[in-house]
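Welcome! Please take a moment with the sequence and the model, and then let us walk through them together.

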Amino acid sequence: MTLALETSGLRKVFGDLVAVDSIDLAVPRGSFYGFLGPNGAGKSTTIKCLTGLLLPTAGTCRILDMDPFADPVSVKRQVGVMPEDLALFDRLSGAETLAFVGRVHGLDKASVRARSAELIELMDLKSAAADLVADYSHGMRKKISLAAALLPGPRLLFLDEPFEGIDAIASRQIKDLLTHYVRGGGTVFLTSHVLEIVERLCDHIGIINKGRMVAQGTLAELRSGAATGQSLEELFLTIVGATHANGPALEWLQTTR
Amino acid sequence: MLSSLRAITWLRWRLLANTVRGGKRRDRMEQISRAFAVFVPIVVAAMLTGSVIAVTTLAFIGGRAAVDHVIRPELAVIVLRGLLIVMLVVLLILTTNSPGQTTIGRYTRLLLLPIPRGVLHLVEVVANLADPWIVLVAAALMAFGAGMAVAGHVMAALLTITAGLLMLAVLASFGALVSFLVGWLFRSRRRSELFTLVVVAMLSLVSFLPMFLTSRTGDRAGEPRRPGRARSQISIDTFDRALPRWTRALPSEVYGRTVLNAVAGNPVDAGFGLFALGAEAALLYFCSSAAHRRMLGALEGGSRRRRAAELPTAGLPLPGLSPAVDAVAWAEVKTALRTVRGRLVVLLPGPLFALLGATLGRIPGETFAVAASQHGHLLFGLGLTFSLYSLQAFTMNLFGADRAGLTLQLLSPIRDRELAWGKLIGSALILGVATLICLIAALAVAPYGSPFLWIAAFLGGIATFVLLSPIFVWLSALFPLASDLSKTGSGGNPHGFPMLVGTVVTLIFAAPSAAIVFAAEFWWKRPVIGFVGTAVWLLITLAICVPLVNLAARSIGARRENLALTAQGR
């Protein structure tokens, strides 16, 4: 099995806070990898380390057989990212954002035009393509950020919460597009809190909790040790050790009293 | 209602206090940077405290002297009247100048909470009293009354202090009214930014009008004043009689009459004055409440205009640049010229110095300034230097103004050196547009002088920019600050330290070019030397600074993590 992404002992520390604690990731090429974890578990920090926005405190990493810390530019040419903050210029229009990304990746003008037109059509942004991103709604920003990640035709996609804030129609279109992309040999590494979507799309799952990898493998492998018929949500809650019984009862919330 | 007021007061205090706190993810350099950023508000606060003490002392002495008839009460009161009318104008200008600075979006969270809108309005009005200008006036008004009380005129003091309190209510309500009206009228980003741009440009240009008109009507600046002929004295009575009748209704005038009546021992007339001031305060409060309701109502609305779809545009490719440098440079130009700051940098210096030149040119006399105004290339050079200063919002914060756009650049296959050069070339293009406008404006008012000197002024400006370039990159990487260039106030400024350095260094680096031009024109009297000299100087600066920029670009790699955090506004 060739790996698109592999880390060994990846660690990121901020002062006293260990955000990512020696994690070992193994993402096969051509897989749809769901990276799950509760809020504050270290998912976004891991993605930032992998995409060069943060420098890991320790550990090694290989992305598409390249070292992202030694040769970041070569890695970035092969990778598309939709980060947490969406990474958009407020004062560029949607179309100009795509033109910028295409130009930075060294695509010729005709390719940029053709790809942008298709992506804008797909994301249903045609009527807003010339508007500044500053005037976009949150969902529209998500769509243009995803389009920007896809435009250079990357071999590996990092998507941080891609389905949050997107309408059902666009969500369906994006799911189809990503599935098509993976079938064509691309690799997707996504984080999401919508476990139903992850369950339906992803063939590989990694679960991080309090900075540590607590489970990794195919969905079938993760289910092998669990009760039969467990959903991913139940599996996830079991693995991260979160149950309703642990929480306070909030008796004062009983409005019928 | 009291608990809501307490909660909102606490909220405001925490928001203020938390601006001083740093995040946890900071290195030593970032901590020094933040410490410096905190130092500036502390200096401002210290200066304000000093001003308040000085004003309070003066007003206290004035109040005491007025009631004891050591000075004419009218004299003391006219100072207060002047202060109050200036205050009303300041409130009007500051507030109308800042629709793009405040966002009504901050109300959204509060509107979701069970807080009556009346309370929100009251808090906003009362919060205006914390404005430093109003704090100064409040100190003066209260100390004036206190001075009377200490002199033993308790009734006059009470009436004066009451009038002062009502006057403060007028000021707070007036400030709130203007603020809410502007917030409501310019609730869309486009309109508010356009309005800010027009107001700032108008204020800058209109400030020249008195001088311009005076020089036209002939104040005879060049005419020597005859000895023994003093300016005619204007008495307070004459001044008051000259005022139009409508000005009597102004709150500052009502306040003045009330205080004079109190000092003169006419409590009934002073009482009428208090009633009038109270009515004006109530009317302004009622109007501001209506404007507040309108503004909050606008939060739910907001239609977005959609233009027809356009194909992606990437700008003309810049010759000799890699695609990455070219893309970064164009992104810099486009994003900058779509902000209020960017448009001001480009649009303002040229017309400003043209107007200055035209104004000085009308003054009959042979001063150096008048002579300089007739040398168009000097005006052009001055405009260029001023543009360099204005451009500091971009050049001294190359990585802080893009916000999430910087994340996109950091995620893209762009080398640090390409990022630095792209940013610098983008800034140079913005300066180029400003230069073109400066050139047209200078040619319009003073199309004289040798073409060699015009070219020399241009080359000198470029050489100054080139010399500054490594400093731009280095300081921007060391002191990044998330800024919003749609703001004309401090929110759009770079970090204080680079700004301070830039202010000094720009002048020093412009000096060699200026010296060459001046020497060629006034000493050697051979313009061609100016042209050759600045061209050689430009080549020297390029030879020095290209490697220095490449060296400075290394600091981007070292500071990449901090830059990424700045891009996220942390």
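By class, how many nonpolar, polar and charged residues does the lining of the largest cavity have? The lining has twelve nonpolar, four polar and one charged residues, where Ala, Val, Leu, Ile, Met, Phe, Trp, Tyr, Cys and Pro count as nonpolar, Asp, Glu, Lys and Arg as charged, and the others, Gly among them, as polar.

Before going on, a word on the ground rules: this is a predicted model, local features need pLDDT of at least 70, side-chain atom pairs count only at pLDDT 80 or more, and totals for chains, interfaces and linings use all residues. Residues are numbered from 1 along each chain as its sequence is written, chains are lettered from A and ligands numbered from 1 in the order in which they are written, and side-chain values use heavy atoms, with hydrogens and water left out.

The structure holds three cavities of 30 Å³ or more, and the largest has a volume of about 140 Å³. Here a cavity is a set of points on a 1 Å grid over the protein atoms alone where a 1.4 Å probe fits but cannot get out, and lining residues have an atom within 4 Å of a point. Grid points are joined across faces, edges and corners, and the volume is the space filled by probe spheres set on them. Of the 17 lining residues, Val81(A), Ala148(A), Ala149(A), Leu408(B) and Leu411(B) are the closest to the centre. Two or more lining residues come from each of β6 (79–82) and α5 (138–150) of chain A and α19 (404–411) of chain B; helices (H or I, at least four residues) and strands (E, at least two) are DSSP runs, numbered from the N terminus.

Next, the nonpolar cores: sets of buried (under 20% relative accessible area, 1.4 Å probe, protein chains only) Ala, Val, Leu, Ile, Met, Phe, Trp, Tyr and Cys residues joined through side-chain atoms within 4.5 Å.

| Core | Residues | Some members |
|---|---|---|
| Largest | 139 residues | Ile63(A), Phe100(A), Phe158(A), Phe189(A) |
| Another, apart from it | 47 residues | Ala66(B), Leu91(B), Val125(B), Leu296(B) |

The four residues named for the largest core touch the most other members. Helix α21 (residues 451–478) of chain B gives the largest share of this core, nine residues.

Finally, chain B has 24 helices and zero strands, and 44% of its 570 residues count as buried. Lys334(B), in helix α13 (residues 323–337), is buried too, with a relative accessible area of 16%. Its C-alpha atom is separated by 24 Å from that of Met202(B), 132 residues apart along the chain.

Technical notes
Buried < 20%, exposed > 50% of the residue type's maximum accessible area, 1.4 Å probe, protein only. 1 Å grid on protein atoms, 1.4 Å probe; cavity = no way out; pocket = protein on both sides within 12 Å on 5 of 7 lines; lining within 4 Å.
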